[in-house]
Amino acid sequence: MIRLDGKQTSNEIKEEIKVTVSEMKARGERMPHLAAVLVGNDGASLTYVGSKVRSCEYVGFDSTLIRLEEDITEDALLAQIDTLNKDESLDGYIVQLPLPKHIDEEKILLAIDPKKDVDGFHPANFGRMALELDAFIPATPFGIMQLLERYKVPTSGKHCVVVGRSHIVGRPISILMSQKGPAGNATVTVAHSRTENLAELTRQADIIVMALGIPEYLTADMVKEGAAIIDVGITRVPNESHPKGYVIKGDVAFDEVAQKSSFITPVPGGVGPMTIAMLLKNTLLARQWNLS
Ligand code: NDP
């Protein structure tokens, strides 16, 4: 069994980006520039945005954090988005979710210029991805594709069952793995909460991607010997004996499933750490696409 180490792989990707950035610097080019918009004071969002900004600094990008009051109006936020769309010093930006309840998230995400949408949430990017055109791919499925490719997990001609059909994980990964190219050419089945006899499907799978958010849902009896397992799930499960009062669990019963699998991502330390690296990668791509 080979453990797909997302921490190590994301560090490798960051180092590769760092090298590219120093080459750009040597040529006298402007550095890639990422901005993050944070509305309000949500603790988890502050932590996520903080680590995105620190990662930018680590690889040599310019970064800007735009903090806005919790009670900002939707119109004022849209005006801010318009300013960012027009800012030529900026290659890409993200709007940290969730937004306060009085703001329509969809309206905000639709207002982002697709050329700067490094989170890859705009329909234009989703459509371009589905049509195999250059596109910003959402960080989580992009990270999974990188793990599969870099660890040379066989996907061509294999049967992959994706459990979950969300717009940010299940749906895009099912599209990407069925496309031609590295980590692609799989025959993909998408399962969801209405799927009947899920275990019968997963037992036929060469690759299983679990993205439903129910801790330890995939057990050893649902897996065929030698399957590759990608666990996207992240759930905080209360645990009094842990200093934080909770532990992080994936959607896979790791210990028992690992014994039957050929490749498996741990949680934490698998898919999760890949997301910031892929956001940086998208920002670098934005810079490169802007140059051409
Ligand atoms: P959503 O809640 O948006 O989607 C969950 C999907 O799972 C839905 O399609 C749902 O089906 C399906 N589902 C729910 N219950 C079952 C069931 N019993 N059997 C089969 N399918 C089921 O979640 P996300 O895609 O946003 O996230 C999934 C998990 O991944 C979460 O734990 C989340 O925290 C984690 N995550 C991790 C990331 C990372 O960086 N590692 C990034 C993003 C998410 P239906 O459509 O019918 O409702």
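The dialogue below goes through some features of this predicted model and the reasons for the words used.

Student: What makes Ala 183 count as buried?

Tutor: Buried means under 20% relative accessible area. Ala 183 has 9% relative accessibility, so it counts as buried. Ala 183 is found in the loop between helix H7 (170-178) and E6. Its phi is positive, about 60 degrees, although Ala 183 is not a glycine.

Student: Which residue in the loop between helix H5 (123-130) and H6 is also worth a look?

Tutor: Glu 132 has its place there. Glu 132 is not a glycine, yet its phi is positive, about 60 degrees.

Student: How do you know that strand E2 is mostly covered?

Tutor: Seven of the seven residues of E2 (residues 33-39) are buried. In a regular strand the side chains alternate between the two faces of the sheet. On one side of E2 are His 33, Ala 35, Val 37 and Val 39, and on the other Leu 34, Ala 36 and Leu 38. All of these are buried, and both faces of E2 are covered.

Student: What makes E2 and strand E3 a pair?

Tutor: Two strands pair if there are at least two bridges between them. E2 and E3 (residues 62-68) are joined by seven bridges, so they pair. The two strands run parallel, and Val 39 stands opposite Leu 68 in E3.

Student: How many bridges join strand E8 and strand E11?

Tutor: Two bridges, in the parallel sense, join E8 (residues 228-231) and E11 (residues 263-264). At least two are needed, so this counts as a pair. Ile 229 stands opposite Ile 264 in E11.

Student: Where do E8 and E11 stand in the order of the open sheet?

Tutor: The order of the six strands is E1-E11-E8-E7-E5-E6, with parallel pairing. Strand E1 (2-3) and strand E6 (187-191) each have a single partner strand, so one side of each is left without a neighbour in the sheet. That is why E1 and E6 are said to stand at the edges.

Student: Why is the largest pocket said to lie between domain 1 and domain 2?

Tutor: Domain 1 (27-113) and domain 2 (139-271) both give residues to its lining, so the pocket lies between them. The largest pocket has a volume of about 1,800 Å³. Its lining has 48 residues, and those closest to its centre are Tyr 48, Thr 140, Ile 234, Gly 272 and Thr 275. H2 gives the most to this lining, with eight residues. By class, the lining has 23 nonpolar, 17 polar and eight charged residues.

Student: Which element gives the most to the lining of the second largest pocket?

Tutor: H6 does, with four residues. The second largest pocket holds about 420 Å³ of space. Its lining divides into 10 nonpolar, three polar and four charged residues.

Student: What is the omega of the peptide bond from Leu 97 to Pro 98?

Tutor: Its omega is near 0 degrees, and the bond is cis. Pro 98 has its place in the loop between strand E4 (92-95) and helix H4 (105-111). A cis peptide bond also joins Val 267 and Pro 268, with omega about 0 degrees. Pro 268 is found in the loop between E11 and H10.

Key. Residues are numbered from 1 along each chain as its sequence is written. This is a predicted model: local features need pLDDT of at least 70, side-chain atom pairs count only at pLDDT 80 or more; totals for chains, interfaces and linings use all residues. Side-chain values use heavy atoms; hydrogens and water are left out. On a 1 Å grid over the protein atoms alone, a cavity is a set of points where a 1.4 Å probe fits but cannot get out, and a pocket is an open set with protein on both sides within 12 Å along at least five of seven lines; lining residues have an atom within 4 Å of a point. Grid points are joined across faces, edges and corners, and a volume is the space filled by probe spheres set on the points. Ala, Val, Leu, Ile, Met, Phe, Trp, Tyr, Cys and Pro count as nonpolar, Asp, Glu, Lys and Arg as charged, and the others, Gly among them, as polar. Domain bounds come from an automatic or database domain assignment. Buried means under 20% relative accessible area, exposed over 50%, partly exposed in between (1.4 Å probe, protein chains only).
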